[in-house]
Amino acid sequence: MKFASEFRDPAAARALLSAIARKADEIGATRANPVHIMEICGGHTHSIFRYGLDKLIHEGVEFIHGPGCPVCVLPMARVDECVEIAETPGVIFTTFGDAMRVPGHRKSLLQAKSGGADIRMVYSPLDALELARRNPGREVVFFGLGFETTTPSTALSIQAAAREGLNNFSVFCNHITVPEPIRALLGDPDMMLDGFIGPGHVSMVIGIHPYDFIARDFGKPIVVAGFEPTDLLQSVLMVLTQVAEGRAAVENQYARVVPEHGNPVSLAAIADVYEARPSFEWRGLGEIDASGLRIRPRYAAFDAEEKFGIGYATGRRNVPEVEGCACGAVMIGKLKPTQCPQFGNGCTPEMPLGALMVSSEGACAAYWQYAGAREAMA
Amino acid sequence: MKFASEFRDPAAARALLSAIARKADEIGATRANPVHIMEICGGHTHSIFRYGLDKLIHEGVEFIHGPGCPVCVLPMARVDECVEIAETPGVIFTTFGDAMRVPGHRKSLLQAKSGGADIRMVYSPLDALELARRNPGREVVFFGLGFETTTPSTALSIQAAAREGLNNFSVFCNHITVPEPIRALLGDPDMMLDGFIGPGHVSMVIGIHPYDFIARDFGKPIVVAGFEPTDLLQSVLMVLTQVAEGRAAVENQYARVVPEHGNPVSLAAIADVYEARPSFEWRGLGEIDASGLRIRPRYAAFDAEEKFGIGYATGRRNVPEVEGCACGAVMIGKLKPTQCPQFGNGCTPEMPLGALMVSSEGACAAYWQYAGAREAMA
Amino acid sequence: MALRDTHVTMAHGGGGRAMRDLIDEVFTSVFQPPGMEDQARLMEASLQQPGARLAFTTDSFVVTPLEFPGGDIGTLAICGTVNDLAVGGARPLWLSAAFIIEEGCEIALLRRIVASMAAEAARAGIRIVTGDTKVVERGKGDGVFITTAGVGVIPPGLDLGARHIQPGDVVIVNGVLGDHGATILAARGDLALSVDLNSDCAGLGHLMQAALTAAPDLRAARDCTRGGLASALNELAAEAGVAIELDETRLPLRPEVVGLCELLGLDPLYLANEGRLVLFCPPDQAGGLVAALRSLPHGEGACIIGKTLPAPAGRVTLRTAFGGARLVDMLIGEQLPRIC
Amino acid sequence: MALRDTHVTMAHGGGGRAMRDLIDEVFTSVFQPPGMEDQARLMEASLQQPGARLAFTTDSFVVTPLEFPGGDIGTLAICGTVNDLAVGGARPLWLSAAFIIEEGCEIALLRRIVASMAAEAARAGIRIVTGDTKVVERGKGDGVFITTAGVGVIPPGLDLGARHIQPGDVVIVNGVLGDHGATILAARGDLALSVDLNSDCAGLGHLMQAALTAAPDLRAARDCTRGGLASALNELAAEAGVAIELDETRLPLRPEVVGLCELLGLDPLYLANEGRLVLFCPPDQAGGLVAALRSLPHGEGACIIGKTLPAPAGRVTLRTAFGGARLVDMLIGEQLPRIC
Amino acid sequence: MCLGIPGKITAITDAARLMAMADVSGVRREVNVACITGDDPSALIGQWALIHVGFAMSLIDEDEAAKTLEALRDLGEAQETLNQMAASDKALAAGVET
Amino acid sequence: MCLGIPGKITAITDAARLMAMADVSGVRREVNVACITGDDPSALIGQWALIHVGFAMSLIDEDEAAKTLEALRDLGEAQETLNQMAASDKALAAGVET
Ligand code: SF4
Ligand code: SF4
Ligand SMILES: [Mg+2]
Ligand SMILES: [Mg+2]
Ligand SMILES: [Mg+2]
Ligand SMILES: [Mg+2]
Ligand SMILES: [Mg+2]
Ligand SMILES: [Mg+2]
Ligand SMILES: [Mg+2]
Ligand SMILES: [Mg+2]
Ligand SMILES: [Mg+2]
Ligand SMILES: [Mg+2]
């Protein structure tokens with residue numbers, strides 16, 4: 001697979017691991033006193049575990065799994081709203097597969113489907129659009145979920161629906177943005193991060209400069225990284241190099257995909273369709289200013305929040321999270337998944353309590369699936 | 001079963017058969033020169049075969065199976081219209097089971113159901129009404145089929161729907177009446193009938209006097225009969241007695257159920273809801289004046305013909321019957337079912353060509369099922 | 001314990017842990033201890049006797065509603081296959097059970113069905129030794145379908161079958177006809193009828209054993225399921241090359257079944273049964289056979305209903321109370337309630 | 001001839017003549033000549049050998065679409081049960097086949113499916129000896145479901161099974177993984193993907209026979225169907241009480257399967273197969289076993305993919321290309337396409 | 001046509017809508033009794049009616065039923081007499097005492 | 001988050017709607033190319049793009065890819081040298097000729 005397998009070369013990975021080890025020794029990083037590097041993106045968490053990088057890397061480098069999984073940071077109340085819309089007679093509710101198993105208070109979308117709601121997994125919002133064209137008598141709602149990577153796809157789909165005059169297509173917008181929660185994390189006095197691996201596919205849309213504040217205001221290195229194993233290791237090396245050199249800069253390891261200033265078409269579509277909400281709730285992080293998007297009034301005809309009177313702006317935002325769930329602490333790296341009292345007991349991938357156990361990008365699920373599950377239980 | 005089993009008494013039946021034999025001999029009826037008695041009603045045809053009366057009765061008495069099965073006399077075009085309504089998105093089409101297998105030109109209702117149309121068998125128009133109440137988002141159409149016996153039930157149902165203000169219930173009215181086709185038959189110069197067995201349940205509604213013209217104008221005896229075997233045999237005896245005595249009168253064998261003047265509530269409901277069509281097409285008999293009913297304009301909101309623009313009044317009444325099908329000749333007693341070239345070849349109950357093979361009241365199906373099928377084929 | 005869901009989701013059919021939990025908790029826990037492999041490995045001395053034969057049969061069970069007076073789909077799935085084995089003279093030994101479950105099916109319902117199956121299997125003295133579960137999307141199933149296959153052993157020398165039926169044989173049933181069909185029709189609710197009837201659903205292996213003892217020259221037996229007595233007799237008459245004549249006055253029918261049929265224009269001879277055998281034996285053994293059946297559960301209503309005649313081959317007729325005769329053909333299509 | 005309908009209606013399930021016509025024309029005409037009774041009566045000398053055992057298994061088959069590149073539901077229904085018999089060391093002998101048909105199903109489709117079954121049965125050298133058909137209302141089925149049960153004979157002395165697996169055994173598969181699952185995902189059409197892949201669906205009795213000859217100490221074999229290789233290995237590791245370690249660089253995967261998985265965020269180890277065995281044997285017999293498999297149809301891609309370790313019991317891991325290791329757990333629920 | 005069967009009215013289930021319970025050999029079904037109700041629906045309880053498609057269409061006249069049965073009985077007796085006469089005719093013809 | 005995979009654009013399927021066929025290891029899917037199309041959509045044919053949820057989000061810069069790979073190669077070589085040095089250090093320490 002071109003542009004992918006080349007970056008999975010074992011020899012290159014070994015060389016990177018050696019170089020990382022030398023750099024870590026140089027800094028004086030040890031198991032007891034490690035360098036903490038947060039990979040913001042769940043995709044990176046997934047790669048780390050899939051390739052076993054956490055076990056191969058020098059013990060003085062510790063990965064902190066950040067809040068970059070849009071499914072994991074979704075509060076239960078949002079799932080409840082999805083279920084409510086999906087159970088409305090006449091609705092075809094479409095979603096990415098990731099969101100199907102996330103527990104709401106009453107039920108997950110998977111359970112709602114088993115109860116008779118017409119919920120369909122799609123690969124793309126374009127498929128939802130096509131369903132709307134083919135089912136003129138039904139309202140097709142697409143669950144717009146994801147960071148800046150995914151936001152352009154729903155923006156372009158809404159623009160297309162508007163051009164075609166489709167009146168039975170709407171998006172239930174729960175898109176969120178990456179920089180704001182990072183700013184919030186960095187403001188937390190408990191936080192002991194030494195550097196960041198930046199989400200490459202977000203920067204493919206927004207470029208690398210939205211992270212300037214990390215280096216400039218907080219003095220932390222950040223390297224925007226690709227998702228193959230050598231991409232990740234090279235980025236770790238780049239972070240360590242900055243640490244060793246006492247620098248803090250925004251660097252781009254993933255230049256083959258990430259343009260410095262992002263993608264202008266995507267940015268224009270986002271700006272046309274969406275605007276920032278004053279504030280948005282993140283599971284484990286609470287309310288964060290300007291961290292969520294909503295559909296602009298000019299596209300209200302495609303806004304499921306408007307059509308159904310259900311959603312973030314409708315006042316039903318306070319549903320307490322499950323008790324005993326440490327998702328919040330795990331999300332910001334304060335606890336390892338295995339330190340959550342629910343891990344493997346009340347909370348397993350078959351019957352997840354917290355969202356971190358649901359998405360395969362969630363830290364808990366990744367731990368369970370690829371690494372520590374059975375050790376933790378043994 | 002009270003009021004039923006008493007009239008199935010074998011000793012009484014034997015006595016009646018002997019009396020009939022004596023009376024037939026008295027008249028001089030023989031196999032070569034029989035008395036022709038038409039049982040108008042398909043229910044009587046059914047009883048004759050179910051109890052084997054045709055084999056037990058004196059060979060000088062020949063039953064001619066009349067046009068009194070509402071399913072059998074339904075032209076194919078009516079079935080096509082039913083299918084068209086049933087296949088309209090959103091419609092729940094309800095019908096008595098009898099009508100499900102009748103072939104239309106394209107398909108039967110059973111085939112339309114297998115193709116995805118929402119067609120449901122009900123026992124009563126009341127059940128269709130209940131479906132309409134429970135499915136406010138769907139249009140529930142009831143196929144109103146049948147003679148005067150059944151007409152009051154749909155009339156009362158339409159009145160109930162009107163009282164309740166149900167706006168998703170309608171009747172596709174194909175009700176027909178008994179006296180008019182009898183008049184038509186009697187006008188046929190080929191017809192050699194010596195007397196009639198009258199449909200008891202029709203007279204339960206309309207009384208016995210609508211048949212006065214048969215005795216008065218055509219000089220033929222008619223006995224309104226019940227459906228149990230001794231009812232039928234007793235009625236035959238009563239017809240033969242009139243023949244023997246050279247009389248022609250309307251007599252009531254079925255006085256336990258049939259009031260001389262019928263049922264006033266039923267008659268009022270019919271008069272309120274329905275009016276005669278100028279003319280109606282009968283399979284095998286062609287157009288007969290004033291032989292069909294339609295819903296009066298005041299109940300247009302419950303008239304499927306109005307709601308769908310489909311039906312007798314909409315101009316699509318000329319669909320040719322299947323070629324080689326002798327239904328018409330069998331219906332008026334000119335041919336025995338086994339004399340139809342299709343009987344048992346192109347036409348069997350599994351794959352009926354003509355409607356007489358579909359309804360278990362049809363003469364051909366009755367022959368097939370209870371009597372002559374295998375002989376005919378052997 | 002691992003199974004916390006109350007309703008089946010697609011996850012329970014995915015081949016993974018959710019499916020394993022469902023199978024472990026709902027299915028194998030009640031059935032025989034599962035082998036470690038996805039195949040049962042079995043042997044029985046009787047099967048290795050020279051001249052013994054293996055009997056093998058299968059049926060899928062689909063019924064609405066899944067639970068009804070007198071049983072549920074699980075009872076049917078066991079009894080149906082046990083009976084298909086037994087009527088051929090086989091001693092039923094082992095059953096397989098495969099479930100096709102519709103997404104959304106209540107797990108408590110599955111547990112009840114499986115418990116019925118276990119109880120019925122115990123009554124019949126057979127073991128359910130292998131199974132399977134699949135889950136289909138909502139709207140692509142109907143709660144649950146069950147397919148059972150059964151293996152039994154026919155002892156050396158025993159050969160029941162329609163082709164052994166002779167003209168002059170006596171036709172016997174083990175009880176009233178049509179209870180199951182009438183019960184299901186009413187239980188479905190769409191005709192808004194209610195009636196105090198129970199399905200006749202029952203395993204009849206014990207009746208067959210008794211019949212073989214009481215009537216050493218038993219010719220054939222058949223269970224009268226879908227299509228009723230009429231369809232079973234038509235098949236038997238055709239296979240045997242004889243005519244069958246039933247005596248209307250002897251047909252055992254409950255008044256409620258007759259009432260339901262009169263109301264809907266149905267013929268009870270075509271109503272389904274799930275615990276009714278029709279047996280053929282020489283006239284001199286008929287009395288003993290009826291007596292033997294009557295002494296056993298589900299045989300109390302046994303009686304003679306007719307006889308076979310040399311010709312015309314394949315023809316079934318009914319002699320009515322006053323001597324008329326009518327043809328009793330196979331069921332054409334479905335029996336549809338008739339109104340006019 | 002009697003069957004003039006083009007689509008199945010409820011009449012075809014009613015137990016009467018329409019059903020009989022459907023069965024006669026579509027089903028029994030292609031399968032083995034039906035016995036006169038609703039049970040097959042069978043015997044085989046090998047089954048009466050002292051020490052021989054009977055193997056019995058069942059599976060229901062549900063798949064959308066019913067026809068797909070490389071096979072159809074009929075092929076699956078034969079191969080799946082043949083393979084479940086074969087992997088236990090049984091020689092497959094007889095199959096039952098029960099059909100649950102949705103009202104409206106095209107009869108021509110049924111004919112094609114049944115023809116596939118007949119062809120596949122001939123290839124596998126087995127006979128379909130008994131069957132059943134039911135018809136369910138539209139919206140209560142999905143075209144057609146097929147349940148097969150299979151009976152085979154395990155020769156005296158042969159005992160394959162997970163509990164015989166030893167630490168140090170070699171893990172072998174007979175070819176590339178995930179083709180069936182990937183083919184079905186694409187064929188379903190709702191993800192709008194197209195790919196030139198065929199299902200791996202195949203009967204593998206011949207491979208098992210060859211394996212038993214080439215590796216006399218073959219421990220166990222399993223077909224990797226729903227839940228893929230990963231789920232089969234997890235079950236085997238747990239039953240055997242060993243750990244299994246796979247070597248990522250040895251896993252045979254087609255680029256198209258990898259591409260589909262990358263696109264949808266799936267793991268090919270969990271994709272279904274319908275013609276893939278995983279076999280366990282001592283290291284000294286592995287070379288011969290692989291060579292024997294490679295010489296046969298459906299075995300050309302055979303290769304070693306890993307080994308067993310003494311502990312931790314029940315654990316399956318994958319060693320990655322650069323030495324990392326990850327747990328390969330059982331599939332959790334369904335594999336859902338992952339996007340974010 | 002027009003399948004009808006006698007049923008006994010056992011209860012009034014909804015006087016406003018004129019619905020009652022009918023019993024046909026133990027099979028119960030709610031039927032409309034508009035066609036047979038006079039001033040007081042409850043007077044129907046215990047009466048027999050002819051049931052057709054969920055409607056009680058006509059009250060059954062027990063006297064008329066009895067009359068019909070009586071006629072049948074009379075005919076049967078007459079027939080019996082005729083049979084005996086025929087038998088004695090035959091016997092006479094055969095020269096045997098009856 | 002944000003699963004993305006390189007795919008090759010093989011054809012323009014609907015120029016008006018900016019739809020093209022992408023090929024990922026033999027898996028074909030129609031994708032929207034609005035984000036990567038300049039003046040002439042057909043110029044995309046043969047190019048590689050990062051595919052995400054049915055959209056081609058970014059053209060892949062082959063030069064940058066080559067540069068990254070080169071850097072990895074350089075690092076590998078440097079590592080090799082270091083390894084050899086380490087080995088010779090060890091050998092020296094053990095008093096053995098390299
Ligand atoms: S184990 Fe479950 S409850 Fe605990 S942090 Fe992880 S997802 Fe949340
Ligand atoms: S056999 Fe068929 S075609 Fe001929 S008259 Fe009877 S119903 Fe009509
Ligand atoms: Mg069977
Ligand atoms: Mg059976
Ligand atoms: Mg049977
Ligand atoms: Mg299975
Ligand atoms: Mg359903
Ligand atoms: Mg199996
Ligand atoms: Mg299997
Ligand atoms: Mg298997
Ligand atoms: Mg069967
Ligand atoms: Mg369907």
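User: What is the area buried between chain A and chain C, and how much of it do carbon and sulfur atoms give?

Analyst: The area is about 1000 Å², with carbon and sulfur atoms giving 48%. Buried area here is the accessible area (1.4 Å probe) that two parts lose on being put together, summed over both. This is a predicted model, where local features need pLDDT of at least 70 and side-chain atom pairs count only at pLDDT 80 or more, while totals for chains, interfaces and linings use all residues. Residues are numbered from 1 along each chain as its sequence is written, chains are lettered from A in the order in which they are written, and side-chain values use heavy atoms, leaving out hydrogens and water.

User: Which residues form a salt bridge, and what makes the pair one?

Analyst: The partners are C:Glu103 and A:Lys113, whose closest N and O atoms are 3.0 Å apart. A salt bridge needs a side-chain nitrogen of Lys or Arg within 4 Å of a carboxyl oxygen of Asp or Glu, so this pair qualifies. Between chain A and chain C the count is two salt bridges. On the side of chain A that touches chain C, the largest share, four residues, comes from helix H5 (residues 109–114).

User: Why is A:Cys347 called buried?

Analyst: Its relative accessibility is 7%. Buried means under 20% relative accessible area, with exposed over 50% and partly exposed in between (1.4 Å probe, protein chains only), so A:Cys347 counts as buried. A:Cys364 also counts as buried, because its relative accessibility is 7%.

User: How many disulfides does the structure hold?

Analyst: Zero, over all chains; a disulfide would be a pair of cysteine sulfur atoms within 2.5 Å.

Key: Helix = DSSP H or I, 4+ residues; strand = E, 2+ residues; numbered from the N terminus.
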